[in-house]
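Please keep the sequence and the 3D view open while reading.

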Amino acid sequence: MARKSVVSFTSLIELLLILIGISIAAAPIVFANANTLKASYSVENVARPLVKLKRPVVILISSDGFRFGYQFKTPTPNIHRLIRNGTEAETGLIPVFPTLTFPNHYSIVTGLYPAYHGIIANWFTDPNSGETFTKRSQEPHWWLGEPLWQTVVKHGLIAATYFWPGSEVKKGSWNCPPKYCQPFNKKVPFEERVDTVLGYFDLPSDEIPSFMTVYFQDPDSQGHRVGPDHPEITEAVANIDRIIGKLITGLEKRGVFDDVNIIMVGDHGMVGTCDGKFLYLEDLAPWIEIPESWVQSYYPLLAIRPPAGVSPAIVEDFPARLHYSANYRISPIIGLLDEGFMVEQRNLSQRTCAGAHGYDNAYFSMRTIFIGHGPKFAKGRKVPSFENVQIYNMVTSILNIQGASNNGTASFSNFVLLPNR
């Protein structure tokens with residue numbers, strides 16, 4: 001396995017020094033303590049029986065950039081209804097590193113860390129082929145692992161995706177059927193997305209998907225523009241709650257709300273970048289030139305790949321807790337920035353006061369939400385925070401199907417889900 005060098009923000013000078021072969025002591029990294037798996041229990045001890053549906057159904061909802069705590073910014077009666085009558089990660093869901101949209105969405109549906117599912121960032125270049133991955137890339141060779149829709153279809157069940165990174169990739173048993181797979185279009189109103197999902201429950205019982213995804217790009221889109229504390233965020237959160245209410249009402253009208261397992265998550269949190277925590281690479285060591293072509297990304301994930309023949313000395317192994325080293329696509333030099341810091345090259349600088357994510361997942365600001373509601377989730381139960389790679393096994397357990405190998409813990413579902421009768 002290739003070793004990765006990592007530098008904290010407080011030692012970014014060292015990042016420049018290693019490019020000329022000077023190895024110096026690295027700044028210490030503070031590690032977050034793992035949660036002990038204990039939960040508050042409700043009086044329920046077994047899953048509730050289905051009333052109308054013939055088989056288990058899971059709706060996986062993503063509200064992009066829904067930082068943990070947003071649910072308290074404004075009245076959110078529908079989200080809190082799910083919390084009150086379901087199971088919640090009491091202090092939030094922990095994203096994988098880097099805390100970016102595409103790596104995390106794909107980790108949620110594969111149970112794999114980015115180093116293993118291949119989507120190591122929102123944008124990167126494959127050093128072997130020279131190809132560039134972007135948010136529009138749908139070639140299967142980028143997307144490793146087995147996402148939930150592929151697993152579900154492989155077991156003879158139906159899956160439906162209404163926007164989710166990777167869902168348009170035709171891979172294995174999944175061919176993105178037009179009836180059940182929507183190509184991404186951010187202009188599609190949220191109401192239309194929910195109406196489509198609700199419409200699946202109007203189909204004959206053997207055509208109702210067992211697994212469905214629905215994605216909303218808010219409040220991430222507002223967070224990047226104005227940061228996490230702006231009134232626009234409050235409005236966006238209130239709108240997400242209204243959309244969740246529309247989904248609940250539609251399921252109730254069809255008599256299936258209590259039969260459906262709803263899992264509502266975000267992919268990451270958000271932190272403000274409005275307090276001057278800014279660096280230019282040129283100012284760190286002006287006697288060293290780092291060409292733009294070496295820099296894969298600037299912040300929050302500073303990734304530098306020198307050309308062949310330039311070998312950086314190892315300052316420090318990348319923290320094992322971040323699971324970000326076992327893939328040749330990952331740049332050999334990673335700058336692990338402190339929370340809220342930005343770094344750029346002077347001729348490219350264009351950022352002002354806004355919001356960002358992508359930082360170390362140990363920062364609380366990067367946490368998001370996990371809410372589970374339905375027959376497999378105890379009412380009013382709180383569980384400690386956990387990483388989103390556990391969700392894949394949770395869904396396959398609900399659906400009673402065998403999942404693919406992944407980085408989640410096989411027994412974790414027993415901790416969160418109610419056992420069957």
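## Two cis prolines

Proline 219 has its place in the loop between strand 8 and helix 7 (220-226), where helices (H or I, at least four residues) and strands (E, at least two) are DSSP runs numbered from the N terminus. The peptide bond that joins aspartate 218 to proline 219 is cis, with an omega of about 5 degrees.

Another cis peptide bond runs from phenylalanine 97 to proline 98, with omega near 0 degrees. Proline 98 is found in the loop between strand 3 (87-89) and helix 3.

## Basis and confidence of the model

This is a predicted model, in which local features need pLDDT of at least 70 and side-chain atom pairs count only at pLDDT 80 or more, while totals for chains, interfaces and linings use all residues. Residues are numbered from 1 along each chain as its sequence is written, and side-chain values use heavy atoms, with hydrogens and water left out.

The protein chain has a mean pLDDT (the predictor's confidence in each residue, from 0 to 100) of 88, and 86% of its residues reach 70 or more. Over residues 5-36, however, pLDDT stays under 50, and for this stretch the model has 81 contacts (heavy atoms within 4.5 Å) beyond four places in sequence. Where pLDDT is low, the predicted coordinates should not be read in detail.

## Overall make-up

The protein chain holds 11 helices and 18 strands. Of its 421 residues, 57% are buried, where buried means under 20% relative accessible area, exposed over 50%, and partly exposed in between (1.4 Å probe, protein chains only). Among contacts in the protein chain with a separation of 6 or more, 76% are between residues 24 or more positions apart.

## Nonpolar cores

A nonpolar core is a set of buried Ala, Val, Leu, Ile, Met, Phe, Trp, Tyr and Cys residues joined through side-chain atoms within 4.5 Å. The largest one has 53 residues, and those with the most contacts inside it are Phe211, Ile263, Tyr324, Phe370, Phe386 and Met394. Elements that each supply at least two residues of this core include strand 2 (57-63), helix 3 (101-110), strand 9 (260-265) and helix 10 (391-399). Helix 10 gives the most to this core, with six residues.

Leaving aside residues up to four places away in sequence, phenylalanine 386 touches Ala89, Gly92, Leu93, Ile94, Phe370, Ile391, Met394 and Phe412. A second, separate core has 43 residues, including Phe66, Leu251, Val260 and Met264.

## Helix packing

Two packed helices are described by the angle between their axes and the distance between the axes. Here the axes are lines fitted to C-alpha atoms, for helices over the stretch in contact, and angles run from 0 to 180 degrees between N-to-C directions. Angles under 35 degrees count as roughly parallel, over 145 as roughly antiparallel, 65 to 115 as roughly perpendicular and the rest as oblique.

The axes of helix 6 (residues 190-200) and helix 8 (residues 231-253) come within 10 Å and cross at roughly 20 degrees, and the two helices are therefore roughly parallel to each other. Residues of helix 6 that take part in this meeting include Phe190, Val194 and Leu198, and those of helix 8 include Ile240, Ile243 and Leu247. Helix 2 (residues 77-84) also packs with helix 8, at an angle of about 60 degrees and with the axes 7 Å apart, so this pair is oblique.

Which residues of helix 3 are buried? Thr101, Phe102, Pro103, Asn104, His105, Tyr106, Ser107, Ile108, Val109 and Thr110 are buried; with 10 of its 10 residues buried, helix 3 is largely enclosed by the rest of the structure. Helix 3 is followed by glycine 111, whose phi is positive, near 75 degrees.

Histidine 323 has a positive phi of about 50 degrees although it is not a glycine; it lies in the loop between strand 13 and strand 14 and is partly exposed, with a relative accessible area of 30%. Asparagine 400, in the loop between helix 10 and helix 11, has a positive phi near 60 degrees and is exposed, at a relative accessible area of 52%.
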